[in-house]
Amino acid sequence: MSVENSLKQQMLNAIPHLRAFAISLSGSVDRADDLVQSTLLKGLSNLDKFQPGTSMQAWLFTILRNDFLTQTRRRKREVEDPEGSWAEKVAVMPEQGARLDFTDMLKALSKLPVDQREALLLVGAEGLSYEDAARICGTNIGTIKSRINRARNRLSEMLNFDAEDDLGPDSLVKAALFMHASP
């Protein structure tokens, strides 16, 4: 009998002991059988690393224990959701549409006259009052309000913005949400 066949026979002889150890660790026969199978596969694929003269059973027990601990750590991070009810509640809106819209808005903003862009950014982006924006721009409040109004209207035209349809999720997301909400 060759050395390799002898080692494989030692592995086979260790199976009942491995199974008992795996059941005691996991508390589940099914999970124990999976652990034993995984241990044997790892043992076979690493048979060249086994040191002859040492205990095959102890070597396999170490592999099984390490595999069990790895799986246990992994399971702590996972949420059990066999019916998918948790996954159904978790929704992430796609980002690419918003990113493209933002890029389009920046391009359109750069096409506005400097005085309109400046007034719109001071009040809309920076959150300044009309009075503060007028003081910064060296003009009166009426002029700032007019510039902002013209800037908003021009941006709306350049972006083909229709207030009723363009607020909130796009039509694809609305359709997905509708399908999800329907029984």
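I looked up the contacts (heavy atoms within 4.5 Å) of Gln-71: leaving out residues up to four places away in sequence, Gln-71 touches Arg-31 and Leu-35. The model is predicted; local features need pLDDT of at least 70, side-chain atom pairs count only at pLDDT 80 or more, and totals for chains, interfaces and linings use all residues. Residues are numbered from 1 along each chain as its sequence is written, and side-chain values use heavy atoms, with hydrogens and water left out.

I found Gln-71 in helix α3, residues 56–77 (helices are DSSP runs of H or I, at least four residues, numbered from the N terminus). Gln-71 is buried, at a relative accessible area of 17% (buried is under 20%, exposed over 50%, with a 1.4 Å probe and protein chains only).

Next I checked the packing of α3 with helix α2, residues 29–45: the angle is about 125 degrees and the axes are 9 Å apart (axes are lines fitted to C-alpha atoms over the stretch in contact, and angles run from 0 to 180 degrees between N-to-C directions).

I then turned to helix α7, residues 130–137, where the buried residues are Ala-133, Ala-134 and Cys-137. They fall within an arc of 100 degrees seen down the axis, so they line one face of α7 (the arc is that of the directions from the helix axis to the C-beta atoms). Arg-135 and Ile-136 are exposed on the other side of α7. The cover over the buried residues of α7 includes α6 (114–125) and α8 (141–158).

Definitions and conventions: Helices (H or I, at least four residues) and strands (E, at least two) are DSSP runs, numbered from the N terminus.
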